[in-house]
Structure formats: C-alpha cells, structure tokens
Amino acid sequence: MSLNDAHQPGLPSNATISPAATRAAGERVRVWLLDAGPNRDSSFHVVGAQFDTVYREGRWESRPADPGGAQVLSLTPAAGGFVEMVFPEPGHYPFVSHAMVDAERGARGVFEVTPS
C-alpha cells in the first residue's frame, strides 16, 4: 500500500469527536483544522451552518463584521486555519471534509446543539 493509494484502509486524524460535540444555540463556536495530508485537499463543511469567521494560513478571509459568509474552509495538505459560527437553533449539525471517501472512513462528526 502507498500513501498515494486512495483505497487506504485507515484515515490519519488528529481529532475525534465522539459521540457528538455539544454546544448551545446562539453560542459562538471556533473549530481549528489542519489538513494532515499527505496529498489530498480537504474542505471542512458544517451542514446547516454558515461560517462568519474564516482564518486560513495566517490570513483573515472573513470576519463577523464583513458582509456574507462562507460554507467551507478549503485546505491543502499541511495547511491549517479556523472557522467560527453561531448555530441558529437547536438540532444536529453534521460536519464533513467533502472528501466523501474519507467520511466513509470516519472523517465526519456531528455538533449536537441544545436550546440556549
């Protein structure tokens, strides 16, 4: 097996959220991310939430006072950054890297949002 093999049986990860990350509706949440590579880009996405803050590789791309927002934080291998969001209401908000083969291997999770 090679690191370039898209059919690797495992997935490198530096974080595990099990069973869910619990937050309150209206609470600001910051998520730090690192694409550990070695050769595949990732695009972090939270279904049902919009990032009002995006910081990638030492540069602000969006802040709460800026117009608009973002749906993903795209990272190349070895790149890092963070996003911030406020969950609008209670519920379950899944997150993925948009490399669906990785999601099938476990690179996914859920924010459980409770009433504030």
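Mentor: We begin with the elements: helices (H or I, at least four residues) and strands (E, at least two) are DSSP runs, numbered from the N terminus. The model is a predicted one, in which local features need pLDDT of at least 70 and side-chain atom pairs count only at pLDDT 80 or more, while totals for chains, interfaces and linings use all residues. Residues are numbered from 1 along each chain as its sequence is written, and side-chain values use heavy atoms, with hydrogens and water left out.

Trainee: How many helices and strands are there in the protein?

Mentor: The protein has one helix and nine strands. Along the sequence they follow the pattern β-β-β-β-β-β-β-β-α-β.

Trainee: How does one read the pairing of strands into sheets?

Mentor: Strands of a sheet pair through backbone hydrogen bonds, either parallel or antiparallel. Two strands are taken to pair if DSSP finds at least two bridges between them. Here, four strands form an open sheet in the order β2-β7-β4-β5, with antiparallel pairing. Its edge strands are β2 and β5 (59-62), each of which pairs on one side only. The twist from one strand to the next averages 20°; for such angles, axes are lines fitted to C-alpha atoms, for helices over the stretch in contact, and the angles run from 0 to 180 degrees between N-to-C directions.

Trainee: Within that sheet, how many bridges join strand β4 to strand β7?

Mentor: Four bridges join β4 (residues 53-56) to β7 (residues 80-86), and the two strands run antiparallel. Tyr-55, for instance, has Phe-82 in β7 as its bridge partner.

Trainee: What is the strand order in the open sheet of five strands?

Mentor: The order is β1-β9-β8-β3-β6, and the pairing is mixed. At the edges lie β1 (21-24) and β6 (72-75), each pairing on one side only. With direction ignored, neighbouring strands of this sheet are turned by 20° against each other on average. The parallel sense is found between β1 and strand β9 (residues 108-114), which pair over four bridges; Phe-111 in β9 is the bridge partner of Ala-21.

Trainee: What percentage of the residues count as buried?

Mentor: Buried means under 20% relative accessible area, exposed means over 50%, and partly exposed lies in between (1.4 Å probe, protein chains only). Of the 116 residues of the protein, 33% count as buried. Thr-53, found in strand β4, is buried because its relative accessibility is 1%.

Trainee: Which residues does Thr-53 touch?

Mentor: Contact means heavy atoms within 4.5 Å. Residues up to four places away in sequence not being counted, Thr-53 touches, among others, Arg-28, Trp-60, Phe-82 and Glu-84. For the whole protein, residues 24 or more positions apart account for 70% of the contacts with a separation of 6 or more.

Trainee: How should I read charged side chains?

Mentor: Side chains of opposite charge can pair when their charged atoms come close. A salt bridge is a side-chain nitrogen of Lys or Arg within 4 Å of a carboxyl oxygen of Asp or Glu. The whole structure contains five salt bridges. In one of them the side chains of Arg-28 and Glu-84 meet at 3.2 Å, N to O; this pair links distant parts of the chain, Arg-28 being in strand β2 and Glu-84 in strand β7, 56 residues apart. Glu-84 also forms a salt bridge with Arg-30, with the closest N and O atoms 2.6 Å apart. Here too distant parts of the chain are linked, since Arg-30 is in strand β2 and Glu-84 in strand β7, 54 residues apart. Arg-28, Arg-30, Asp-52 and Glu-84 are linked in a network of salt bridges.

Trainee: Is Glu-84 buried or exposed?

Mentor: Glu-84 counts as buried because its relative accessibility is 10%. Arg-28, at 39%, is partly exposed, and Arg-30, at 43%, is partly exposed.

Trainee: Where does Asp-35 lie?

Mentor: Asp-35 lies in the loop between β2 (28-34) and β3 (42-46). This residue is buried yet has no salt bridge, and the nearest side chain of opposite charge, Arg-40, is 8.2 Å away. In such a count, Lys and Arg are positive, Asp and Glu are negative, and His and the chain ends are not counted. A polar atom of the Asp-35 side chain lies 3.2 Å from the backbone nitrogen of Ser-42.

How values were computed:
A polar contact is a pair of N or O atoms within 3.5 Å; within protein, one must be able to donate a hydrogen and the other to accept it, and residues adjacent in sequence count only if both atoms are side-chain atoms.
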